[in-house]
Amino acid sequence: MTRPAVDQVDRIAGLADPVVRNLQITQCYHDLSVAMRRFTSGGANWCTFATWASKQAGSTIRSDDLPRALEDVLDRAPEFARLLDLVVDAASLAVASEDATAVRDALRQAVNPQPAFDRASGAVARGNLKVFAEIGREFARFLAALDDDAAVDAGVATQFCASLRPGEPPDGQRLLREAFTAYAEARRHGDDKTRAELLYLANVLIGLHEQTRLQPDILAALNAPASVLDDLRPRLLAVVLPGVWLRIRHTAARLLRRRLPLDEALDRLVACVKGEARRVITQALMVLRLPAGTLLPLGRDLRSAFPPVLKTILSPRVHDVLRDVDLTPDSLAGSGAQDWADLRQRMHFIADFFRAWHERPELFNPPFSPAQAEAIAAGRRPDGRL
């Protein structure tokens with residue numbers, strides 16, 4: 001396998017189809033991960049974790065199962081059924097309906113969350129591209145700048161890091177500078193403990209840079225139902241008040257500040273749908289499918305122990321970074337992120353996850369089967385479940 005070159009990263013980043021682009025990004029992260037492992041002779045690097053995060057992002061980008069998941073949730077939610085009945089009853093005060101069941105079924109059909117899922121998909125796709133086009137490209141540049149078969153030339157590594165922008169994220173690349181400096185130092189160290197801590201330091205620094213840049217995209221994905229489903233109320237109103245004059249009369253009553261029972265019922269039904277759609281999107285974002293069928297819920301505390309090489313941290317540099325991101329030092333307690341929109345909670349989970357899974361060899365497994373990888377390389381969406 002040849003390591004990805006900068007022009008390959010640029011070509012992938014320029015693809016218009018977000019699904020194919022995500023699939024090629026995921027494969028490229030894997031190739032970069034393997035190349036970095038040869039370079040550092042150590043455990044997981046940031047691209048190792050990015051491979052599986054990008055593969056999971058692909059599920060949201062493709063909107064895999066999201067509409068069906070919401071349909072299942074609403075079918076099981078007693079509150080949703082009760083609110084449907086409430087809207088039907090309130091509407092009957094304005095217009096007689098001979099078939100309440102038909103109205104209820106029509107309301108269910110009108111609850112179409114696809115625009116919200118499309119908005120969430122677009123936000124995740126933008127974040128996936130944003131991170132790859134910057135960080136994936138820097139990994140390709142880093143590997144190209146240094147000779148894979150010789151001892152690292154400290155001067156070359158210093159020159160590479162100097163080319164990264166000063167300043168803090170989202171615009172500055174100070175954290176990337178420090179991360180790639182640590183990767184270069186890790187290559188020079190023969191001591192396993194020191195090398196592992198340097199790799200872990202680099203991974204956490206890039207994770208913090210990445211998550212800071214992704215903050216607006218994560219918020220956009222989570223808030224998609226609230227920002228897109230505002231048209232749900234008029235769609236539902238058109239179902240229960242099919243005549244245009246009835247809707248005009250209802251609107252006039254509202255303008256005259258006469259709060260009607262139907263208003264309250266519709267508002268509560270819309271709030272219910274928005275809330276459940278946000279939960280479905282949140283659940284999709286807060287799970288990570290890893291190799292060997294491992295499903296990692298990001299909202300629960302990690303259960304894997306720290307590997308011996310990282311059980312205790314000796315490096316003052318690593319301690320300084322962890323002081324800002326690890327809310328429960330040297331412990332997995334509280335690692336689960338209750339609110340994925342909260343950058344500090346995300347980083348707490350990520351820092352512990354990177355540490356606990358640092359030496360898991362299955363993370364270097366290919367993300368796709370050979371047949372799938374062949375189709376992806378040809379720019380096609382593979383058949384079957386990805």
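Q: Great. What kind of model is it, and how many helices and strands does the chain have?
A: This is a predicted model. Its chain comes to 17 helices and 2 strands. Along the principal axes, the C-alpha atoms fill a box of roughly 85 × 45 × 40 Å.

Q: And how much of the chain is buried?
A: The chain has 386 residues, and 51% of them count as buried.

Q: What's the mean pLDDT?
A: The mean for the chain is 88, with 92% of residues reaching 70 or more.

Q: Where is confidence lowest, and where is it highest?
A: The lowest is helix H13 (residues 244–255), with a mean of 62. Helix H1 (residues 6–13) is the highest, at 98. Where pLDDT is low, the predicted coordinates should not be read in detail.

Q: Got it. New topic: how many aromatic pairs are there?
A: The count comes to 16 aromatic pairs. Take Phe49 and Phe354: their ring centres are 4.3 Å apart and their planes are at 20 degrees, so this pair is stacked.

Q: Where do Phe49 and Phe354 sit in the chain?
A: Phe49 is in helix H3 (residues 46–61) and Phe354 is in helix H16 (residues 343–356).

Q: Which residues do ring pairs link into a cluster?
A: The cluster holds Tyr29, Phe39, Trp46, Phe132, Phe139, Phe142, Phe160, Phe180 and Tyr183. One of these, Phe39, also has Arg187 over its face, at 4.7 Å from the ring centre.

Q: And what sits over the ring of Trp357?
A: That's the charged end of Arg360, 3.8 Å from the ring centre.

Q: Back to helices. How do H12 and H14 pack?
A: Helix H12 (residues 232–240) and helix H14 (residues 261–285) pack at an angle of about 130 degrees, and their axes are 10 Å apart. That angle makes H12 oblique to H14. Their crossing is right-handed.

Q: Last one: where does Asn112 lie?
A: Asn112 is in the loop between helix H6 (100–110) and helix H7 (114–145). Its relative accessibility is 37%, so Asn112 counts as partly exposed.

Q: How far apart are Asn112 and Leu70?
A: In sequence, Asn112 and Leu70 are 42 residues apart; in space, they are 9.9 Å apart, C-alpha to C-alpha.

Terms used. Residues numbered from 1 in each chain as written. Predicted model: local features only at pLDDT ≥ 70, side-chain atom pairs only at ≥ 80, totals over all residues. Heavy atoms only, no water. Phe/Tyr/Trp six-rings, centres within 6.5 Å; stacked < 30°, edge-to-face > 60°. Helix = DSSP H or I, 4+ residues; strand = E, 2+ residues; numbered from the N terminus. Lys NZ or Arg CZ within 6 Å of the ring centre and 35° of its normal. pLDDT = per-residue confidence, 0-100. Axes fitted to C-alpha atoms, helices over the stretch in contact; angles between N-to-C directions. Parallel < 35°, antiparallel > 145°, perpendicular 65-115°, else oblique. Left-handed = near helix turned anticlockwise from the far one by under 90°. Buried < 20%, exposed > 50% of the residue type's maximum accessible area, 1.4 Å probe, protein only.
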